[in-house]
Every structure is written in structure tokens, then in C-alpha cells.
Amino acid sequence: MTLHANPWLAGVAAPPIAEAQGWIEGRTFPTEKPLIDVCQAVPGYAPPPALTQHMAEALQHPSTHRYTDITGLPDLCTALAADIGRSFGLGEKPSVTAENVMITAGCNQAYCLATAALAKAGDEIILPLPYYFNYQMWLEMIGVTARHVGFRPEAGGLPDLMEIEAVISAKTRALVLISPNNPTGSVYPPEYLLAALELCKRAGIALILDETYRDFMPHDEPPHQLFHTPCWEGHLVHLYSFSKVFCLTGYRVGAIVADPKLIEEIGKAMDCVAICAPRIGQIAAIHGLKALDDWRHGNTKLMRDRLAALRDAFTRNDLGYEVVSAGAYFAYVKHPHRGRKATDVARRLADKQNLLALPGSMFGPGQEDYLRIAFANVDATKMPEIAARLAADAVDEAW
């Protein structure tokens, strides 16, 4: 007997990161031209010693190895609510409390649980182009239709709200926005996000706002004022991750911030798929929020320096590649090989320039002219070398 996979699952494309990493599998790279991996958004350095030491000590306690509450450790829910209050300037009577928080096994799980709670098979969720591929993949797996709106490079990647409004139907359950954006790095202005929330209120749908990279904003001002709006819980679902700012990608710890009634429903799904997020990751996140402010701010500055170095490196006249938008962890780059598939361009860069980046086609239709560079993976001193390798590719006519 041959087992047949669920056709919704079977119809989903293979994970893009694994595919790209397969391009260099088994290769060795010369010391004079080592691999520069800007494929995946992974911090290129370890957590601070104070954090790893805290986790090592926590491992000695029996409770560390047990389940937590379904919604997460109460101390972490409280600490994140307080952090949101500070980061968004909510004042002495904050509109976000621990009851609004659920801790998840990373932001990917946060998205999956939130969308499963909001939409059923046959419903629709709006994903602007270019989309984060895992978000598209998940909707396909659960039978929810992703409605796309076009990429606007001339607008720095901001989706057109009028176009979004035009595709809302009786089946629409949510609009998904990511700011700073993955894959484009674009930072959505506060007034844009407020207008998006107002649109969702008028339409009676949710705004799912993924702020995984909010710790890497280009300024120190609050990212937006959405938590200041009356009854924000009626339409806003905020997603967050501790993975990047505290370098905890392998520990899987993220969060959903939403109406407590929706959190209660999401808890049913969490109990089935994971019971709870890993306790050790939650312990690390608590310590990060309470004791590592200086390191956290230093991490933010480090990424700003890397972004500045990348922008400076791309000013050379012979580059051929153009930064369309950049911020936080990512640069979305237009390649000079018109008419070539983005996958062909990316594979050639891996083969000939030892530079591993993702093709724009992995982020949806109409993206063949682009590549995503996860520049935060590498030191600022390597940005000129990235630009040099792209310049070498631009003038190499041998395909």
C-alpha cells in the first residue's frame, strides 16, 4: 500500500531555505573567497554570556524541565506586556497586560496559531507581495486562500491600501503586514499602520501585524500608536519574537498579543500542537527583558551599523545591483539580469561568487527581478566584499 499525503500539504512547495542550502551542499570554499551566507535571518553571533550562564544555572532546577502554562510563564507574559508598554509609550495605565499575551514556540508558530484561530478552510487572508514564504505555505496547508496585492518598489515596498480594500470580500478574515518587513526590510510608517488598522476596523477583519524585527528600527521612537487606539483588541493581533534580539533562534520563543478571548481560543490549538513553548527559551526571554537592556540596545545599534555599511557599499558605480528597500535584517535587491529567472541568478551567485542569497521568486509571483540579502548575518566589514562579488557577477556575461 502507498500512503498518500493530504493534497493540501502535498501541494505546498518545499521549504525555500533548505532548497537554497542544498545548492552548496558538499562544497568547500577557498580561504581567499569563503562562503558569505546571506540566505537565512540568523544572528551571526552567540547570545551574551550573561544569558547563557543564566540558562545553564536554570537547567539545574527540576522545574525547568516541566511544562509551563499553555499561555506561557506568567512572569514572561507580564514582562513582555511591560516591555510593550515602555516601547510604545503606553504610560501609567497601559492597554496591554499579561492577559493579552500568549507565548509561542517562535513567531512562525504564533502566526500559524493566530491564523488558525481566525480563519477556516475556504476563508481568505490578504498577504501583500512579496510575502514571507512560510506564511503563504501555512495558508495553503490549511485550505485558506491567500489574496495578494502588488509589490510597489517605487513606494519602498508599502502595499497600496486602496488595492487592499478592493480585494476584501465576505470571505476575508485578516490582513497580514510585517514591519520591518521580511523580505524587503521596509519599515512601515506609523500613519500607514494606523490607516491599515482603521481599514480593518471598517471591514470587520483582523490586522495581523508581525513585528519580529521591531527591536531593529532605524530610530528610537515608538514603531506606531496602534496600542493607543480605543479597543485595539477588537481588530489587532500583534506577533513578536525574542529570537533575533537575544539570539535565541534555536530555543523557539515568540508571542501573540491579542484580545484575551482570542488568546483563550488559540490556547486550544497550542495545547494540541505543543502544549507550551519550551520553558528554557521562556526563562531566557524573561532574563533578557529584565536584565539585558544595555546588551539589547547594543544589538540594535550593531544592526543599524550593518545596515549603514551595506548602504555605503552599494554606492559604488559599477555594482549593477540596486537596493530597492532595506532595514532591520534584510535588503531587497534588484538584479541587473533582465529576463533571467531569479533562481538562476541566485544559483549562479552561489556557484561562481560563493554568495548565498535567496531569489525573489521564493517570495511570490512577479518577483523574478529581485534577491533577498539577509545582511544582518554578517559583520559590517564584509559589506564591501558582498558588493564586490555582486559587481563581478554583473559584468560576467558567461551563463
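Trainee: Which are the buried residues of H12?

Mentor: Happy to start there, keeping in mind that this is a predicted model. Helix H12 covers residues 342-353, 12 residues in total. An α-helix has 3.6 residues a turn, so residues three or four places apart point the same way. The buried residues of H12 are Ala342, Val345, Ala346, Arg348, Leu349, Ala350 and Gln353.

Trainee: What covers the buried residues of H12?

Mentor: Look at the elements that follow the helix. The cover includes helix H13 (383-395). It also includes three strands: S11 (355-356), S12 (358-359) and S13 (370-373).

Trainee: How far does H12 reach from its first C-alpha to its last?

Mentor: With 12 residues at 1.5 Å a residue, 16 Å is expected. The model comes close to that value, with a reach of 15 Å.

Trainee: Which residue just after H12 takes a positive phi?

Mentor: H12 runs over residues 342-353, and the residue in question comes just after that stretch. Its phi is about 55°, and the residue is asparagine 354.

Trainee: Good, now S13. Which residues point one way from S13, and which the other?

Mentor: All four of them are buried, on both sides of the strand. Leu371 and Ile373 point one way, and the other way point Tyr370 and Arg372.

Trainee: What is the bridge partner of valine 333 in S13?

Mentor: Begin with the pairing: strand S10 (residues 330-334) joins S13 in the antiparallel sense, over four bridges. Within S13, the partner of valine 333 is leucine 371.

Trainee: Let's move to threonine 104. Is it buried or exposed?

Mentor: Threonine 104 is placed in strand S2 (residues 101-104). Its relative accessibility is 0%. Buried means under 20%, so threonine 104 counts as buried.

Trainee: Which backbone atoms lie by a polar atom of the side chain of threonine 104?

Mentor: Two backbone atoms come up here, one an oxygen and one a nitrogen. At 2.8 Å there is the backbone oxygen of glycine 106. At 3.3 Å there is the backbone nitrogen of alanine 255.

Trainee: Where is arginine 252, and is it buried or partly exposed?

Mentor: Arginine 252 is one of the residues in contact with threonine 104, and it has a positive phi of about 55° although it is not a glycine. It is found in the loop between S7 and strand S8 (254-257). Its relative accessibility is 31%, so arginine 252 counts as partly exposed.

Trainee: What about cysteine 231: buried or exposed?

Mentor: Cysteine 231 lies in the loop between strand S6 (206-210) and strand S7 (236-241). Its phi is positive, about 55°, although it is not a glycine. With a relative accessible area of 64%, cysteine 231 is exposed.

Note on methods
Residues numbered from 1 in each chain as written. Predicted model: local features only at pLDDT ≥ 70, side-chain atom pairs only at ≥ 80, totals over all residues. Heavy atoms only, no water. Helix = DSSP H or I, 4+ residues; strand = E, 2+ residues; numbered from the N terminus. Expected span 1.5 Å × (residues − 1). Buried < 20%, exposed > 50% of the residue type's maximum accessible area, 1.4 Å probe, protein only. Contact = heavy atoms within 4.5 Å. Polar contact = N/O pair within 3.5 Å; in protein donor to acceptor, adjacent residues only side chain to side chain. Pairing = 2+ DSSP bridges.
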